[in-house]
Amino acid sequence: LLLALQVRLVMKAHSFIRENVPRVLSSLKDKSGTVHIPRISQYLYFLFAPTLIYRDNYPRNPTIRWGYVATKFAQVLGSLFYAYYIFVRLCIPQFRNSSQETFNLRGLVLCIFNSILPGVLILFLVFFAFLHCWLNAFAEMLRFADRMFYK
């Protein structure tokens with residue numbers, strides 16, 4: 001989790017620098033008196049907005065739909081509980097008796113192959129919970145209107 005957050009921050013910092021350094025350098029080269037430097041509030045909004053492309057201003061919704069936010073957070077919780085249920089009921093029993101038995105390659109391969117389908121399902125649930133529900137909830141709370149930016 002820490003590594004994922006660090007990668008996100010590095011990618012956002014790269015985008016911020018890539019968008020603003022040419023602007024500052026061109027204003028210094030032109031010897032103009034005004035250098036446009038983004039405000040700290042613009043940078044903080046960019047840090048929490050669900051986008052990796054820095055802009056000074058983003059389209060904003062006029063209101064926050066709190067029912068939508070609550071629904072998305074409920075979907076995150078539901079996805080996490082369902083992933084936990086799949087893990088406990090389908091993955092853990094495969095490996096439970098392996099600590100008492102002697103090691104054999106056949107048993108290990110069977111455990112791994114029996115855990116592939118539940119593992120993929122858990123992976124899809126985590127992606128749905130984070131990439132769809134979590135980011136859409138934060139986009140709604142920040143009134144971020146450009147949800148189809150990358151389309």
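Me: Is C111 buried or exposed?
Reply: This is a predicted model, in which local features need pLDDT of at least 70, side-chain atom pairs count only at pLDDT 80 or more, and totals for chains, interfaces and linings use all residues. Residues are numbered from 1 along each chain as its sequence is written, and side-chain values use heavy atoms, with hydrogens and water left out. Buried means under 20% relative accessible area, exposed over 50%, and partly exposed in between, with a 1.4 Å probe and protein chains only. C111 has 12% relative accessibility, so the class is buried.

Me: How many disulfides are there?
Reply: A disulfide is counted when a pair of cysteine sulfur atoms lies within 2.5 Å. For C111 the closest cysteine sulfur is in C91, and at 11 Å that is too far for a bond. The count by this rule is 0.

Me: What is the relative accessibility of C133?
Reply: C133 is another cysteine that counts as buried. Its relative accessibility is 0%.

Me: What radius of gyration does the protein chain have?
Reply: The radius is taken over C-alpha atoms, and the globule rule is 2.2 Å times the number of residues to the power 0.38. For 151 residues, a compact globule would come out near 15 Å. The C-alpha atoms here fill a box of roughly 75 × 40 × 25 Å along the principal axes. The radius of gyration of the protein chain is 23 Å.

Me: What percentage of the residues count as buried?
Reply: The figure refers to the 151 residues of the protein chain. The buried share is 22%.

Me: Which residues does S15 touch, not counting those up to four places away in sequence?
Reply: S15 sits in helix α1, residues 2–29. It counts as buried because its relative accessibility is 8%. With contact meaning heavy atoms within 4.5 Å, S15 touches F46, L52, I53 and Y54.

Me: Where is P59, and which residues is P59 in contact with beyond four places in sequence?
Reply: P59 lies in the loop between α2 (40–48) and α3 (66–96). Its relative accessible area is 42%, so it is partly exposed. Its contacts beyond four places are R143, F144, A145 and D146.

Me: What is the phi of R143 near?
Reply: R143 is in the segment after α4 (105–141) and is partly exposed, with a relative accessible area of 26%. Most residues other than glycine have a negative phi. R143 is a residue other than glycine with a positive value, near 60 degrees.

Me: Which residues does E140 touch, not counting those up to four places away in sequence?
Reply: E140 is placed in helix α4. At 0% relative accessibility it counts as buried. It touches N61, T63, I64, R65, Y68, V69 and R147.

Conventions. Helix = DSSP H or I, 4+ residues; strand = E, 2+ residues; numbered from the N terminus.
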